[in-house]
Amino acid sequence: ADNDVHERPVGNLLLVALVLAVPVSTALFLAGLGVRSDVMTAMRNPFFDLKFVITMALAVAAIAISLHLSRPEASLGRWAWLLAIPVGLLGIGMMSEMMMPNRAPMATRMMGSNSKVCLIAIPLLSLPLLAAALLALRRGAPSRPAVAGAFAGLLSAGLAATLYAAHCTDDSPLFVATWYTIAVGFVAAIGAFAGSRALRF
């Protein structure tokens with residue numbers, strides 16, 4: 001009662017940290033990749049637009065789960081079901097593509113032409129965001145720091161993948177389900193490793 005010093009809520013700190021980190025990742029994106037040249041035409045393709053919906057849904061779900069896990073009494077529990085939103089959207093996209101006539105062979109759509117770039121770009125663009133997220137979540141007290149770190153990785157990768165989607169010319173949901181998922185999983189693993197140390201209290 002005598003202590004007049006109050007810590008800011010973790011949610012506010014995470015918001016500020018991401019607001020500061022997003023321009024860094026954006027600058028890296030613009031310097032190294034840039035927006036695809038046919039972006040105005042691509043915006044008429046629903047599968048191009050769907051990439052952004054999926055990656056942002058992942059980022060928002062992971063942010064909500066990360067904030068939940070920042071409390072010492074919190075467990076993952078039913079909160080994990082939030083991840084069903086981006087997974088479901090991706091599944092709807094793949095089923096919609098299968099019903100389209102004259103589509104390219106499945107192997108061609110899955111491999112695309114940017115798989116290597118995807119696997120490198122998303123993790124690199126995630127690093128400033130992941131560092132910012134972990135710094136903010138340190139103000140909390142997660143009882144499972146590795147799990148909280150993994151979700152910090154997911155939110156960072158979701159935001160980074162949103163940036164990368166503006167460059168990627170592979171719009172097939174099958175490509176997204178394969179290569180974006182591998183890249184996101186790699187960042188989540190980095191987040192779990194870093195979180196197990198940085199978020200321990």
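Select Arg-71 and Glu-73 to begin: their side chains meet in a salt bridge, 2.9 Å from N to O. Remember that this is a predicted model. Now colour the pair by accessibility. Arg-71 is partly exposed, at 38% relative accessible area. Glu-73 is exposed, at 57%. This bridge belongs to a set of 5 in the structure.

Next, select Lys-51 and Asp-171. They form a salt bridge too, with the closest N and O atoms 2.8 Å apart. Trace the chain on either side. Lys-51 sits in helix 3 (residues 46-69), while Asp-171 lies in the loop between helix 7 (145-165) and helix 8, so the pair ties together parts 120 residues apart in sequence. Are these two partners buried or exposed? Lys-51 is buried, with a relative accessible area of 2%. Asp-171 is buried as well, at 10%.

Arg-36 counts as buried, at 8% relative accessibility. Asp-38 counts as partly exposed, at 31%. Now view the four residues together: Arg-36, Asp-38, Lys-51 and Asp-171 are linked in a network of salt bridges.

Last stop: helix 8. Select residues 173-198, a run of 26 residues. From first C-alpha to last, helix 8 reaches 35 Å, close to the 38 Å expected at 1.5 Å a residue. Where is the kink in helix 8 centred? Zoom in on Thr-181: the kink there is about 30 degrees.

Notes: Residues numbered from 1 in each chain as written. Predicted model: local features only at pLDDT ≥ 70, side-chain atom pairs only at ≥ 80, totals over all residues. Heavy atoms only, no water. Helix = DSSP H or I, 4+ residues; strand = E, 2+ residues; numbered from the N terminus. Expected span 1.5 Å × (residues − 1). Bend = angle between axes of the 7 residues up to and from the residue. Buried < 20%, exposed > 50% of the residue type's maximum accessible area, 1.4 Å probe, protein only.
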